[in-house]
Amino acid sequence: MEPQSPQDTQRSPTWTDDFGTPAGAGRAGAWAAVGAPALVLGASYVGFGAFVHQSGLTFFQGVASSITGWALPGQIALIEIFAAGGSLLAAAIAVGLANARLMPMVVTLMPILREGEAAPSPRLIHYLSAHFIALTGWAIAMQRCPDMTPGQRLPFFLGFTLVIWFSTLFCTALGFYLVEILPPTVTLGLVFLNPLYFMLLFTIDIVRRDRRWALLIGVVLGPVLHMITPEWGLLITGLGGGTLAFLITQYDRRRGKS
Amino acid sequence: MTVSAWWFLLVGALVTYGWRAAGVALSGKIDPNSALMRWVACVAYALLAGLIARLIVAPQGALGDTALWMRLSSAGVALLVYFIFRRSIVLGVTAGALWLVAVTTLVGA
């Protein structure tokens, strides 16, 4: 069969996913989230809810954190610094540094979600959708959306992330409630879920050259600087340790190329 | 004087959404793989690695009342099970958490 236009030869072979309508794409995204993604992230948020309870915050404050500040590492940093008696400024900077990687994530995903749009500048829907860009949804969308028909990508992404977002809200509440009915030792296990989870995630990343030094230096500096200055230790670990790691990684890259 | 947790939550939400909004505004205009962005990633990973280490070595609240060896052995069990069972994060985390529950129940926190 002869291609109808130059566009057809370019497009039809690459876009293998077509859900028919934007609503169909939204439903497909929602179904893709049910199961492993919602369960794994849900367990982390049960741990977060228990952590919120142990840190002396209220039920509504815990759920509000997951509604408005949705991105687990930053949420944990915020609650930890509050519980440790840190200042508002220290908390703001730490959350800012912990969540700074959201910006380049949005920068890479937005053009994929918006492909084929006539309007050059982002609209309200894009600014609203950006609230739901966090690690799990971002990774799935980066993987699957480039194969989808434009116009169905944003609905797929929103269907996926709204399901995991609502499940994390429910799980935050569940974790908080479980602390009140479970024995104290079981609660300790729940609160410890996230430190263990992130430790294993980072263990995987140690093999990545671009992250290895930042992780190793951070692990050592975090507790050491905490003993010297509990208030600013974390920020110095991030800025100082991160910069040192960046310089080592740059040096590695240059040596690797020549 | 203590600042209400609500102020912390408000500031955290503004800072977090600020990065996302900046990402929308800057998409297509900056290179996400530039040296500046790689530095941002390094700072974030160093801070998070430090935070996780601090949560294990020097946690606040009830976890802080447990002995250090209990938390370290829990992390060790998680790592061990993770590597034995073909790098399963779910099994590793579950085993480490159960270990902590077991030792705090048996030995007392």
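**Reading a two-chain model, residue by residue**

User: Which residues does I76(A) touch, not counting residues up to four places away in sequence?

Analyst: Contact here means heavy atoms within 4.5 Å. By that rule I76(A) touches F48(A), F51(A), N194(A), F198(A), L51(B) and L55(B). Before we go on: this is a predicted model, where local features need pLDDT of at least 70 and side-chain atom pairs count only at pLDDT 80 or more, while totals for chains, interfaces and linings use all residues. Residues are numbered from 1 along each chain as its sequence is written, chains are lettered from A and ligands numbered from 1 in the order in which they are written, and side-chain values use heavy atoms, with hydrogens and water left out.

User: Is I76(A) buried or exposed?

Analyst: Buried means under 20% relative accessible area, exposed over 50%, and partly exposed in between (1.4 Å probe, protein chains only). I76(A) has a relative accessible area of 3%, so this residue is buried. I76(A) lies in helix α5 of chain A; helices (H or I, at least four residues) and strands (E, at least two) are DSSP runs, numbered from the N terminus. The C-alpha atoms of I76(A) and F48(A) are 7.3 Å apart, although 28 residues separate the two along the chain.

User: Where is E80(A), and what is it in contact with?

Analyst: E80(A) also belongs to helix α5 of chain A. E80(A) is buried because its relative accessible area is 1%. Beyond its neighbours within four places in sequence, E80(A) is in contact with F51(A), L51(B), R54(B), L55(B) and Q60(B). With R54(B), the side chain of E80(A) forms a salt bridge (2.7 Å, N to O). That term means a side-chain nitrogen of Lys or Arg within 4 Å of a carboxyl oxygen of Asp or Glu. Between chain B and chain A the count is 1 salt bridge.

User: How many residues of each chain take part in the contact?

Analyst: Chain B brings 68 residues and chain A brings 91 residues. The size of an interface is often given as the accessible area lost when the parts come together. Here that buried area (1.4 Å probe, summed over both parts) is about 7,000 Å², with 79% of it on carbon and sulfur atoms. F8(B), R20(B) and R54(B) supply 12% of the area that chain B buries against chain A, more than any other three residues.

User: Which helices of chain A do the buried residues of α1(B) pack against?

Analyst: They pack against α4 (59-68), α5 (72-83), α6 (88-99), α7 (102-113) and α8 (124-130) of chain A. Among the buried residues of α1(B) are F8(B), V11(B), G12(B), T16(B) and R20(B). An α-helix has 3.6 residues a turn, so residues three or four places apart point the same way.

User: What about chain A by itself: which domains is it divided into?

Analyst: Domain bounds come from an automatic or database domain assignment. Chain A is divided into domain 1 (20-194) and domain 2 (208-258), with C-alpha centres 26 Å apart. The contact between them takes 8 residues of domain 1 and 5 residues of domain 2. Together the two domains of chain A bury about 520 Å², 81% of it on carbon and sulfur atoms. On the domain 1 side, A90(A), I93(A) and L97(A) lose the most area to domain 2, together 54% of what that side buries. The count between these domains is 0 salt bridges.
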